[in-house]
Amino acid sequence: SWYNDLSNRTGEAALKRAYRTLSAIMGQAVNDEIISLSPCKIKNGGKFKGAERPVLSIEELDSLALSVPERYSALAQVLAWLAVRPGEACALRRSDMNLDSGNPTITIRRRISTKTGTFAFDTPKTEAGKRTISVPPHLVPIIRDHLLKFTSLGDDSIVFTTSSGNPAVDAGARKIKQGLIAIGRSDVRAYDLRHTGQTLAAENGASLRELMHRMGHSSPNASLIYQHRTQDHGRETANRLSEKANNVYQLKSIKAG
């Protein structure tokens, strides 16, 4: 009766999520011998298959980078190619960038959110969220150019900001959304660029461990993430991503010529 009543008052995703929560509580109650049997017996009551998240092609990513204002172009590309969250990207500082070595990386140490008009910095929700990600070589000059034009000097300076100096977490999402609409992809949000980056990495041979590391996901089997993590932080995957991007860019140049 509770399940049927709730199904008439909320969406499917919320219904399934609530049922999974109740089922977990009842299951623990059985384990603790508080009750003898869980009442949660509805078949597939907690299973929900959401809509497939939209993915941009490399050509569309290139068009997006040209469609957003220059100040937010590098942000859009970082979200896509590194598969990071907007709140993570907009919390990056100069000291988190290591672009001058043979293995360019960025390190995610914090995240940012907006609450009642103010900016709140915090650490990632899990230890897995604190991570170092290899930067595809084609992205290095793009980030460097952004740092030169739009980022204040000093190791603690926020990399992606508005013209007034505030973190670009909200303004950047709005400008990127406008750019997505301009290229005919109104179905995509700034946050979905993270899924695009993960899809591109998977298509170019990233292992499950690499994919989980790039996105900062935890796992019930933590050894999949930590036990055999390589020192290059997915360098081969990052190189393959740039090779694919450069092939597209070169082909476009040939057609233009």
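A salt bridge is taken here as a side-chain nitrogen of Lys or Arg within 4 Å of a carboxyl oxygen of Asp or Glu. By this rule the structure holds 12 salt bridges. The model is predicted, so local features are reported at pLDDT of at least 70 and side-chain atom pairs at pLDDT 80 or more, while totals for chains, interfaces and linings use all residues. Residues are numbered from 1 along each chain as its sequence is written, and side-chain values use heavy atoms, with hydrogens and water left out.

Helices (H or I, at least four residues) and strands (E, at least two) are DSSP runs, numbered from the N terminus. Two strands count as paired if DSSP finds at least two bridges between them. On this basis, 3 strands form an open sheet in the order β1-β2-β5, with antiparallel pairing. Strands β1 (97-98) and β5 (131-134) stand at the edges with a single partner strand each, so one side of each has no neighbour in the sheet. Between β2 (residues 105-108) and β5, the antiparallel pairing runs over 4 bridges. Within this pairing, T105 stands opposite S134 of β5.

Burial was assigned from relative accessible area: buried means under 20%, exposed over 50%, and partly exposed in between (1.4 Å probe, protein chains only). A nonpolar core is a set of buried Ala, Val, Leu, Ile, Met, Phe, Trp, Tyr and Cys residues joined through side-chain atoms within 4.5 Å. The largest such core has 44 residues, and I176 and L193 have the most contacts inside it. Two or more residues are given to this core by each of α3 (58-67), α4 (70-82), β2, α6 (140-150), α7 (169-182), α8 (193-203) and α11 (235-256). Helix α4 supplies the largest share, 9 residues. With contact defined as heavy atoms within 4.5 Å, and with neighbours within four places in sequence left aside, I176 touches L64, V68, L75, A76, L79, A190 and L193. Another core, of 5 residues, lies apart from the largest one and has Y3, L6, L15 and C40 among its members.

Helix α6 has the buried residues V140, I143, H146, L147 and F150. Viewed down the helix axis, the buried residues of α6 fall within an arc of 135°, so they line one face of the helix; the arc is that of the directions from the helix axis to the C-beta atoms. These buried residues pack against α4 and β1.

E70 pairs with K149, their closest N and O atoms being 2.6 Å apart. This pair links distant parts of the chain, with E70 in helix α4 and K149 in helix α6, 79 residues apart. E70 is partly exposed at 46% relative accessible area, and K149 is partly exposed at 45%. K149 also forms a salt bridge with D145, with the closest N and O atoms 3.3 Å apart. D145 and K149 are 4 residues apart in helix α6 and are therefore separated by about one helical turn. D145 is partly exposed, at 33%. Elsewhere, salt bridges that share partners join E60, R185 and D187 into one network. A further salt bridge joins the side chains of D5 and R9 (3.0 Å, N to O). Here D5 is partly exposed at 38% relative accessibility, whereas R9 is exposed at 56%.

Aromatic rings of Phe, Tyr and Trp (its six-membered ring) were paired if their centres lie within 6.5 Å, with planes under 30 degrees apart counted as stacked, over 60 as edge-to-face and the rest as tilted. The count comes to 1 aromatic pair. The rings of Y3 and Y19 have centres 5.1 Å apart and planes at 80°, so the pair is edge-to-face. Since Y3 lies in helix α1 (residues 2-7) and Y19 in helix α2 (residues 12-31), the pair ties together parts 16 residues apart in sequence. Y3 is buried at 13% relative accessible area, and Y19 is buried at 6%.

Most residues other than glycine have a negative phi. E33, which is not a glycine, has a positive phi of about 60°. E33 is placed in the loop between α2 and α3 and is exposed, at 71% relative accessibility. A83 likewise has a positive phi, near 55°. A83 sits in the loop between α4 and α5 (86-89) and is buried, with a relative accessible area of 0%.
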